[in-house]
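Open the model in your viewer and keep the selection panel at hand. The stops below go from one chain to the contact with its partner.

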Amino acid sequence: MTLDANIPAGPLDKKWTSFKNTAKLVNPANKRKFDIIIVGSGLAGAASAATLAEQGYKVKCFCYQDSPRRAHSIAAQGGINAAKNYQNDGDSVYRLFYDTIKGGDFRAREANVHRLAEISNQIIDQCVAQGVPFAREYGGLLDNRSFGGAQVSRTFYARGQTGQQLLLGTYSALSHQIALGNVEMFSKAEMMDLVVVDGHAKGIVVRDMTTGEITSHAGDAVLLCTGGYGNVFYLSTNARGCNVTATYRAYKRGALFANPCYTQIHPTCIPVSGEYQSKLTLMSESLRNDGRVWVPKRKEDCAKEPKDIPEDARDYYLERKYPSYGNLAPRDISSRSAKEVCDDGRGVGPGGLGVYLDFADAIKRLGKHVIEERYGNLFEMYHNITGEDAYERPMRIYPAVHYTMGGLWVDYNLMSNIPGLHVLGEANFSDHGANRLGASALMQGLADGYFVLPNTLGTYMASQFGKKVDASAPAFKEAVDSVKARVQKLISIKGTRSVDSFHRELGKIMWDKCGMARDKKGLEEALRKIPKLREEFWTNLKLLGSADGINMELERAGRVADFLEFGELMCLDALNRNESCGGHFRTEYQTPEGEALRDDENFDYVAAWKYEGDNTAPTLVKEPLVYEEVKLATRSYK
Amino acid sequence: MKFYLEVWRQKGPESGGKLEHYEANNIPAEASFLEMLDIVNEDLTAKGIEPIQFDSDCREGICGNCSLTINGVPHGPGRGTTCQLYMRKFRDGQIITIEPFRADSFPVERDLVVNREAYDRIMQAGGFISERAGSAPDANSVPIPKVVADVAMDAAACIGCGACAAACPNGSAMLFVSAKVTHLGLLPQGKPENDRRVLSMVRQMDKEGFGNCSNYYACEAVCPAGIPASFIAGMNRAYSFASIKESVGIPL
């Protein structure tokens, strides 16, 4: 099997334009005849649902939350990048493109990333037009701040709630289209399977989480906008409900899963405080604009109050190791550095798993009111969770799982290898390589939803006239029956262990063996442990209640069942990639200074995995990464 | 810590419900309220009792999904969402009553889970700026004074949780509606549709069965996003002007 990314010919900066000039179009009268199924209502899902509906398609949109406004995009704090260069600090589309490629450790597809950078400016225009209240300067113009991995200020923000405001923008647009009858919205509806008819994605199976009813829906194309799989680690900054089920089910129906081992560990989260904990809370990376990261130089000082540790006994390790980027070093590098100092015994707080993020200097320089204006809600949140006042005492932070760069494989059109199945936002693999820069997830979700997919979908739709499939096709019945059987099986195990206990155990295996640092031995151990845990799950799960009506344990059990298979795929991918790059750090492959050591000769490819059956190893399909514009370089932030 | 819980249990939307007594044992003070319920649910599962069903998702105070009435107050003591409430706020050995959000327009679906689709329908009635992707002018082409943008942001911070309606003796959703009307109404981009917006959203709110505001300010007291009740006054004014225009036949 070979993969064709369908990248348009021509010079890099002309590819998107020439694509649009020659892309297949569907006329308005014909758009009405097509039903598009969209799963997920976050930035990518709601933006594409609204935009396709504006264009005239008939859209059905599904989300597992009780309202599309609650999708997890809402939790993004820091901001969204765009190459507007409103600050006149030397930014450009090319620079945003290059920073993103470099930030991704040269493991992303050049043409996709350039397109993303080109579209970035339109996104800001679009958001302002729909009423997103971005931060402004007194003159009334838009304000910017800087973010990790960049030396320019190109991040637009709305206090510490940028994701919320962007999502409410897409939700407004979606609501408008629902009111006009162009979108039919299904809330509390969880996708359980993909329906493939004659090799094309033509529908989905859905469980109504209120009634328990399992039904199928037919459409002319399916868009998965279902986010990432960070919850495979149990503890992450993701919402409780985030899961891999939609993309994993598609994988089991033949879609390739690309680079599952690329996970992002965010450097600034509130440290874990106990076994009972259900999630980790992120403190926006924007805090690193003004906060300085440090730990004591000597282990003996770790238990002291931070104010009692004099300046010369502090190790501002990011500033020391990466003088030109300092506290704004990219996420993977900052996280690994925090782990390093904690492994060295110099961590602070309970269990020694924390480092300080100190605002004393910034408060002295700018005044408390400025810091309050910039990060007030974050400080409040920190105070509420830890009971500590970060204006007085430095925050304690530690890395936590935050984002997943891997996802279903897609071509330039955002279509997977299953014709008709398109994948947008975090759910696909395409734009961030091995590490995502801050403020780029919102950019990609909205780019895919507002501008990319609405232009590329025509390529597929134009080939689908007169090929309508309805839900009476045998593939639909087969899929519905298999989902029903699976739900019944989960209910009928009647063992002794709760869903969460399995999830926690899986999470611990993943964090220990496939987390911030990985090695062959650990990954092999994980690959032995996960199948055993999975076997126990299917024989010893305790699940009360029935499949009819609301049963949240049942919902979680289905998701954990998929994580228990998916975790293995992640480890397999991590084991295959004998190099370190971005968020994937294999301890065997590092420079003498402890930096990631890439192997471009052997691993400059997208690793796409093809499902071959339960308990059979998946096959690896490689898409070589061809760089026409960029010269591969060792990533340096020194 | 130890707590004595009185929890609302209800099989389905049609069946009656009642408070059941449970004990919450060995709860760390650092646990959040929802994590306390997770621990109780593990206990119940071990004893063969169906776990308590309650909504939550982001667990960081922004998605607006969690919706518990704790000791009679939506989201409980303090001013934040249920998920941002920590057990150290309670006394060891305290009795805690946990019910769903109570409002006629939020029917209970099961235990502590309510249906808040009414809020979605109010948004669909007019909570948007009609604009299509790709048609926008440059983002800096219309300067917006910082003070205006800041108030718009204050209003836009609403998380749509429904605590306002649950706290209001009239079951009024006016704080929620006024937040959206204020947010979009202040911005130059939203102004062309102001009259239509306020009329349709308020009418939909009435249709959903929400009551009107009679200045109790209970909504403001429980709002986790800090939306001030003064927005309601602004909305009433906008509504009056729009309905006068409509009644004398000025096209909106």
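How many bridges join strand 1 of chain A to strand 2 of chain A, and do the two run parallel or antiparallel? Select residues 35-39 and 58-62 of chain A: five bridges join these strands, which run parallel. Strands are DSSP runs of E, at least two residues, and helices are runs of H or I, at least four residues, numbered from the N terminus; two strands pair if DSSP finds at least two bridges between them. This is a predicted model, in which local features need pLDDT of at least 70 and side-chain atom pairs pLDDT 80 or more, while totals for chains, interfaces and linings use all residues. Residues are numbered from 1 along each chain as written, chains are lettered from A in the order written, and side-chain values use heavy atoms, without hydrogens and water.

Then select C61(A), whose partner in strand 5 (residues 183-186) of chain A is M185(A). Strands 2 and 5 of chain A pair in the parallel sense over four bridges.

Now show chain B. The contact (heavy atoms within 4.5 Å) takes 75 residues from chain A and 73 residues from chain B. R70(A), R136(A) and Y276(A) supply 12% of the area that chain A buries against chain B, buried area being the accessible area (1.4 Å probe) lost on being put together, summed over both parts.

Finally, select K188(A) and D55(B): they form a salt bridge, with the closest N and O atoms 3.9 Å apart. The term requires a side-chain nitrogen of Lys or Arg within 4 Å of a carboxyl oxygen of Asp or Glu. Between chain A and chain B the count is eight salt bridges.

Conventions. Buried area = accessible area lost by both parts, 1.4 Å probe.
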